[in-house]
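Please read them with the structure open.

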Amino acid sequence: MTSNFISFVHKDRIVKIKNPDINETLLNYIRTKLKKTGTKEGCAEGGCGACTVVLGELKNNEINYRAINSCITLLPTLQGKQLILVEDLISKDGSLHPVQEAMVNYHGSQCGFCTPGFVMALFSMFKKYSKYNNDIIKDSIAGNLCRCTGYQPIIKAAKSLKNKNKIDHFTNNINNTIKFLKKINNKSIAIYKKEKRYFAPIYVQELKKILKKNINADFLSGGTDLSLNITKERKDINSIIYMNSVRELNYIKNNNKYIEVGSATPLIDLEYYIKKYYPDFTKILKRYGSPQIRNVGTVAGNIATASPIGDCLPLLISLNAQVILQDFKKTKILFLDNFFISYRKTKLKKGQFIQSIRIPLFEKNIFKAYKVSKRFDDDISSVCAAFNLEIIKNKIEVIRIAYGGMAAIPKRAKFCEKILLNSFINDEIIHKAKEALEKDFKPINDMRASGSYRMEVAKNLLEKCCVEIKQKKLIGLYA
Ligand SMILES: Cc1cc2nc3c(=O)[nH]c(=O)nc-3n(C[C@H](O)[C@H](O)[C@H](O)COP(=O)(O)OP(=O)(O)OC[C@H]3O[C@@H](n4cnc5c(N)ncnc54)[C@H](O)[C@@H]3O)c2cc1C
Ligand code: FES
Ligand code: FES
């Protein structure tokens with residue numbers, strides 16, 4: 001069933017909006033139409049967390065609660081979800097939610113501008129986890145900035161939640177909410193409003209039909225890149241195909257040879273899944289934006305954006321990942337290594353979309369990845385490096401090294417690889433390999449780092465990788 005109105009659940013009822021403005025942000029709708037001003041606007045680019053709200057989505061008959069940045073979320077993408085605002089946390093009898101109570105008790109607020117965002121980030125943590133250790137707490141608020149309270153009182157408030165009753169009014173009302181969500185969530189959307197159009201298909205076949213007639217439409221996945229055209233560049237996007245509504249594209253499969261990640265799979269799901277196979281991949285994803293960004297952003301979006309500092313890209317290139325492209329007729333498989341042409345240009349053609357990404361699983365490899373950025377959390381890389389090696393009898397038999405932030409595209413360090421291939425790791429080889437990086441890259445100066453700093457960091461990360469391999473006697477494991 002296709003519809004020209006969106007439906008979502010808010011405050012125990014289904015809300016319908018006919019022909020919504022396809023470029024309106026959720027934050028704007030909340031503040032100006034719903035007249036709920038608890039949710040704040042700080043940066044309007046996903047970087048401060050002041051606008052955090054929580055979305056509930058039906059998954060296997062349960063509700064999955066995810067914190068998101070409403071400032072970069074487009075209103076129509078609310079279709080089929082539950083919207084929870086800071087005002088909604090208060091019970092009907094006026095009592096505060098345990099998260100709000102904790103923030104009061106531990107003095108977690110001063111000017112209060114950031115507070116609703118922190119409350120919602122912690123609310124999402126409260127709903128998602130049964131225990132909250134330091135890592136979980138810090139990760140949960142990594143996307144929220146506070147300029148006056150300092151983080152300690154907020155962290156203490158979060159820690160105190162472990163003693164609270166987990167049953168809140170959302171739990172008490174869960175059957176009702178699930179009933180509502182089931183009623184509305186199986187609907188494709190097609191909105192035509194003046195010259196603008198927005199499509200949110202549920203099935204790939206539908207997607208292909210839409211694509212055939214709307215070949216110039218922009219694909220929207222998490223919107224953590226595309227929506228900034230609206231909020232920061234003040235541009236309109238006239239034709240949008242929302243990819244994250246296509247359920248068949250939200251999956252992670254594993255056939256023991258490779259992991260296949262559907263293009264509509266949020267980064268956060270990959271972060272949990274891939275840890276068992278490539279712990280360093282998870283380590284990098286944990287520092288990718290914030291939970292609000294990873295809850296909606298996708299690897300496909302990261303690849304299509306083709307930023308030279310896209311964090312997944314050097315990791316995927318070093319793992320020799322493939323990208324599976326589809327148009328309305330054909331499927332094409334390309335190695336990611338050959339996918340990037342020049343600055344922000346890829347081999348993706350008009351009418352083609354990324355269906356999925358295949359990440360090979362090697363029998364005996366060592367995979368290491370490092371990210372260097374100005375801030376630890378919620379910051380994009382100055383340099384990101386990934387090393388994928390196979391070492392047999394102490395000799396490097398296979399090696400793929402890729403860097404981000406060192407050229408106009410994420411790129412392999414082929415001269416460096418050549419030095420290391422068929423070598424034993426020792427000081428002399430490390431020195432030569434570091435020198436070879438100067439042949440591989442001529443990094444530029446920009447606001448994130450100078451070219452010379454980038455080169456220094458790239459060399460040091462290579463050395464760090466080699467030293468760690470030697471120290472941990474990883475070589476011995478494969479000898
Ligand atoms: C606050 C903040 C922090 C960030 N931190 C990081 C970080 O640490 N590391 C990092 O690498 N990036 C970071 N980013 C950038 C951004 O998150 C990534 O580029 C992200 O991966 C984009 O994915 P998305 O799903 O949100 O894509 P979208 O914004 O929806 O789309 C991005 C581009 O990809 C295209 N596209 C999307 N899906 C498909 C598809 N299936 N097929 C073809 N084309 C498609 C879109 O048309 C668009 O051109 C950050 C962004 C913000 C706002
Ligand atoms: S307003 Fe700063 S993240 Fe949305
Ligand atoms: S309390 Fe003022 S910014 Fe956090």
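This is a predicted model: local features need pLDDT of at least 70, side-chain atom pairs count only at pLDDT 80 or more; totals for chains, interfaces and linings use all residues.

1. Helix H7. This helix spans residues 174-184, and its buried residues are Thr 177, Ile 178, Phe 180, Leu 181 and Ile 184. Viewed down the H7 axis, they fall within an arc of 165°, so they line one face of the helix. The face turned away from the buried side carries exposed Asn 175, Lys 179 and Lys 183. An α-helix has 3.6 residues a turn, so residues three or four places apart point the same way. The buried residues of H7 pack against strands E2 (5-10), E3 (13-18), E4 (52-59) and E5 (62-69), and against E6.

2. Helix H1. Which residues of H1 (residues 26-33) are buried? They are Leu 26, Leu 27, Tyr 29 and Ile 30. Their arc around the axis is only 165°, which puts them on the same side of H1. E2, E3, E4, E5 and E6 are included in what covers them. Just after H1, Lys 35 takes a positive phi of about 60°.

3. Aromatic pairs. The structure holds 14 of them. Tyr 65 and Phe 123 make an edge-to-face pair, with 6.3 Å centre to centre and 70° between the planes. Tyr 65 sits in strand E5 and Phe 123 in helix H3 (residues 115-128), so to speak distant parts of the chain, 58 residues apart, are linked by this pair. Both Tyr 65 and Phe 123 are buried.

4. A second pair from H3. The ring centres of Phe 118 and Tyr 151 are 6.1 Å apart and the planes are at 55°, so this pair is tilted. Phe 118 lies in helix H3, and Tyr 151 in the loop between helix H4 (134-140) and helix H5 (152-160); the pair therefore ties together parts 33 residues apart in sequence. Phe 118 is buried, at 0% relative accessible area. Tyr 151 counts as partly exposed, at 30%.

5. Aromatic cluster. Tyr 370, Phe 387, Tyr 403 and Phe 441 are linked into a cluster by ring pairs.

6. Surface patch. Ile 90, Leu 96 and Val 104 form a nonpolar patch on the surface, with about 230 Å² of accessible area together. Ile 90 lies in the loop between strand E6 (82-84) and helix H2 (98-105). Its relative accessible area is 35%, so Ile 90 is partly exposed.

7. Ser 221. Is this residue buried or exposed? Ser 221 is buried, with a relative accessible area of 16%. Its place is the loop between strand E9 (218-220) and helix H9 (228-231). Leaving aside residues up to four places away in sequence, Ser 221 touches Tyr 242, Met 243, Asn 244 and Thr 298.

Technical notes
Residues are numbered from 1 along each chain as its sequence is written. Chains are lettered from A and ligands numbered from 1 in the order in which they are written. Side-chain values use heavy atoms; hydrogens and water are left out. Patches are made of residues with over 30% relative accessible area and no salt bridge: like charges are joined within 9 Å, nonpolar side chains (Val, Leu, Ile, Met, Phe, Trp, Tyr) within 5 Å. Accessible areas come from the Shrake-Rupley method with a 1.4 Å probe; for residues, only the protein chains shown count as cover. A salt bridge is a side-chain nitrogen of Lys or Arg within 4 Å of a carboxyl oxygen of Asp or Glu. Helices (H or I, at least four residues) and strands (E, at least two) are DSSP runs, numbered from the N terminus. Buried means under 20% relative accessible area, exposed over 50%, partly exposed in between (1.4 Å probe, protein chains only). Contact means heavy atoms within 4.5 Å. The arc is that of the directions from the helix axis to the C-beta atoms. Rings of Phe, Tyr and Trp (its six-membered ring) pair if their centres lie within 6.5 Å; planes under 30 degrees apart count as stacked, over 60 as edge-to-face and the rest as tilted.
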